[in-house]
Amino acid sequence: MTLQPEDFWSYGEWLLRPNAFLRSALLQGVVLTVLAILVGLVLGYLLAAARKGPSEGFYAVARVIREMFVFDLPGTSVRRVYALSRLAFKEAIRRRVLVVAGVFVVILLFAGWYLNPKSDDPAQLYISFVLTATNYLILLLALFISCFSIPADIQNKTLYTIVTKPVRPTEIVLGRIFGFAAVGTCLLVPMGLASYLFVKGGLNHDHAGIQEIEQQADGTYVGKTTYDRHHQHTFTLTADEAGNLEGVTDIAQGHQHSITKAADSETYVIGPPTGALTARVPSYGSLYFLSRTGQRSEQGIDTGQEKGDGGYGSAGLERLIGRTSQANRIEFGYVEGGNLSAGIYTFDDVTPGRYQDGLPLQMNLRAYRAHKGKIDRGLRGTVTLRNPDTGAASNALTFIVDEYEVDELMIPETLAGNDGQRNRDLNLFEDLVNENGQLQLEIRCLDRGQYLGMTQGDVFLKPRENPFAWNFAKAYISIWLQMIMVISFGVMFSTFLNGAVAMLLTLVCVLLGFSAETIYDVRHHIDINKPMGGGPLESMIRIAKQDAMTTELDVDTLTSKIVKGVDTVIVYSMDVVATSLPNLPKMVETAEYAANGFDIFGSLLARHATTTLAYLLLTFFVSYFCLKTREIAA
Amino acid sequence: METNTSAVATEAAPASPVEREVVIETRNLSKIYRDFWGRKKVQALKSLDIEVQKGEIFGLLGPNGSGKSTTIKLILGLLFPTSGRVLVFDKDATETRKNERIGYLPEESYLYKFLTAEETLDFYGRLFDMSGEDRRRRVEELIKLVGLEHARHRQLREYSKGMTRRVGLAQALINDPDLIMLDEPTTGLDPIGTREMKDLILNLRDQGKTVLLCSHQLADVQDVCDRVAILHQGELKELGRVSDLLKVQDVTEVHARGLSEQAKSEIAEVIRRHGGEVESIDNPTATMEDLFLNIVRESEARPGARRLSTAGDDPAASAASAAPSAEPSASDQPASPKRDGDAAE
Ligand SMILES: Nc1ncnc2c1ncn2[C@@H]1O[C@H](COP(=O)(O)OP(=O)(O)OP(=O)(O)O)[C@@H](O)[C@H]1O
Ligand SMILES: [Mg+2]
């Protein structure tokens, strides 16, 4: 999992973007709202004018708006919303949505067969599996229940008896949304519990015993557990005065066991697996690089494709002032071995209070081999700790890069180093951390001509861990938010379309949200005139002619112009729509946090919650106007 | 249009000089149903002008497809007029707030089939501003009123047509409305239900409520309505008091009991002498309704299979013998206060 710069934003930064207000969520929300209002007014007026004539149409629109503020919003009553929600709930339950829970249980029952037990990280596999399954099932459910309800009520005319009561359109919309949200919640909670038990149970295992054990010269015992569940652990045990043996195994498949043996007993007691289910709370630092000649630079060395692969964000509003998109993601910056280039992380808040027994450092570096080098061993790197003010630095600590796995390094409190004048043992907190609690880590590559890649999120300190259960719950909250999003879109479309069409459109919205990044990329390529397959029409021609993506389109100039023109229109429209839609993939990503054992930080959930609320309000108002101006009996 | 003005004239004649409160007013109301593309499908209503006054039972009559339901839907705001206006309690028909005082029984009972009668009424009750206690009391009363005590906990999907209709009615009355609109209130009801429905409608009127109903059960309309409007192909053809519209000015009716054949011929003689023309002198036949009501009443008193009349028995005779006693109590009585009311005006 690679964190993007935007993942580090605090809630306030995300909302306001201090130095790039044009890209702030607040501004985007406001602009989207204003646009929605304008489009609504114009459309409403055109429809009313077509029906009643230009001046009457104007009054009709004005009346609807007045009624919203004067009667319908203030008149909305909790009691009626509650009654309607209950009805929506009962209706959904009657439509056998609980079957979804059954489907889920069946999926879990069979999943055991298909989840690869030989995986290096079974926890990640299990967690991401259950979260993904839940996510898609719930979104599908939300899609179904939300889109068909109002159209069915109109078709069965049951809505006649409701709108002829003093029920406001606001209440009908809210009643649906809340009712369906309640249904979804009633399903999510047991699904969450079942998933939790499934993950817990699925990862739990015993080792039958000890395969070999041997006393070392220093009195410790070293050995191996038996090979169970496709792995075994090595361990080191120490004896206390009474002769009891005690210790923990090394990490295999992401977990450890405790091993004890009482002095008077022959059997080794191997505890349950621990450490597989974690929620590391990372403390990230800021990153800058030193170039080959030791100059400070914000970017590391580019080894080739990284930037292009990264994709491009929506230029969003900046497009309006003529700025086009740059690469949105900062991908891996590399440091080269054998010269001055380095990646320098600065961490704040490094205090003895937060880090009691040394500094747990975690690194997830990427290795790039420019030549074969020593192929049977990973690339080597060094970490140096440095006081940003005094220049005191520890000696370089060497490590071997474990690719695709998190390297864990426990930095002790006392390290050999140089305090600027002489070599001596340095105390981590007194000598290497400055008065503001800052510490610098310098990461270099040891192998000449090879490269180590890193991003801001790849090297972090781990002051503490949160309970896994809570993190899991947060992933479920994220799914819940997505569900609310889909429900509100479904309900919105169902206020003016029939069920099937409403579902189709909601689905299109979800899919556009999911493919937004691809659309941005295509648009970027069109912007910079880079032949990368082109838009939908061009791609279709290429498929038909079996042309490669990067060649010039093999048609005459006029056709090419037309095709490109049409494509530009399509892609730009898709860009606009995708930019206005909620970014669901960002929300789905929370599952990855949980699966990779990272705490889903509060600001991330708060951001998702804010976005959801904003879209909820937007769809609510659109739904209100559609219902209000719709002839129910027509 | 001529029909219209003449109808207004008919109405104007007996109208009291006392100002009455207008509950529903339609002005030049027209409705054209259009398809998705805005093309005209049907003109369902052509410039309708009616006024319904507080405390009256107003009937909309007309053949199928004449625009009765359309009118009711326009009044409720379920449809928007193509041109013209509808005012209900002096508010525009599209305002939801007027619904606080309105009850509506749709053409067919559009209710949630998965709810029981009690849940249904409770649900609709919650849509109004009433306390939980009031609501429960009201639900209780209405279930009793429409005679569904025995089926209150059954889902509506299991209900027969008439039973659903009764729940529909109860639902329309849940808020003790001042204006009740009934779209074909008697369809699907058995004769007793029909009788009860008619009694209920009269009862509501006596409580000072306004009732607008539409039907093509002419007998029912005649029994209960104070005024009727007759629509045909969306046009108002006739509007006026039922008593006025139906009074045949040049025919006289005499009801008497215990006359001998001798007396009858003498009466005919008298009529002829005065220059009148005797159309018929006959024994009245009872209606099927009377027969049915009689049988049910009897069976409620003495449950069990009824002894069917043998060949020797003349059913008509037994019905006829029952009729005179049944008629004044069952059929005439509810209608008579209406006539009294008319006289009082
Ligand atoms: N939703 C609709 N779309 C199109 N035309 C409609 C619609 N509803 C009614 N109509 C047409 O409008 C006309 C009047 O219909 P309406 O339902 O008002 O008749 P009605 O007098 O209530 O008839 P009935 O006695 O059969 O109930 C009919 O020609 C009907 O076909
Ligand atoms: Mg009808």
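I take buried to mean under 20% relative accessible area, exposed over 50%, and partly exposed in between (1.4 Å probe, protein chains only).

**Basis.** I note that this is a predicted model, in which local features need pLDDT of at least 70 and side-chain atom pairs count only at pLDDT 80 or more, while totals for chains, interfaces and linings use all residues. Residues are numbered from 1 along each chain as its sequence is written, chains are lettered from A and ligands numbered from 1 in the order in which they are written, and side-chain values use heavy atoms, with hydrogens and water left out.

**Entry: salt bridges.** I counted a salt bridge where a side-chain nitrogen of Lys or Arg lies within 4 Å of a carboxyl oxygen of Asp or Glu. I found 49 salt bridges over all chains.

**Entry: chain A.** I looked up Arg386(A) and Glu442(A), whose closest N and O atoms are 2.7 Å apart in a salt bridge. This pair links distant parts of the chain, strand β14 (residues 380–386) and strand β20 (residues 439–445), 56 residues apart. Strands (E, at least two residues) and helices (H or I, at least four) are DSSP runs, numbered from the N terminus. Arg386(A) is partly exposed at 25%, and Glu442(A) is buried at 6%. I also recorded a network of salt bridges that links Arg63(A), Glu67(A), Asp72(A) and Lys628(A).

**Entry: chain B.** I found a salt bridge between Lys264(B) and Glu261(B), with 3.2 Å between the closest N and O atoms. The two residues are separated by about one helical turn, because they are three residues apart in helix α9 (residues 261–273). Lys264(B) is buried at 18%, whereas Glu261(B) is exposed at 59%.
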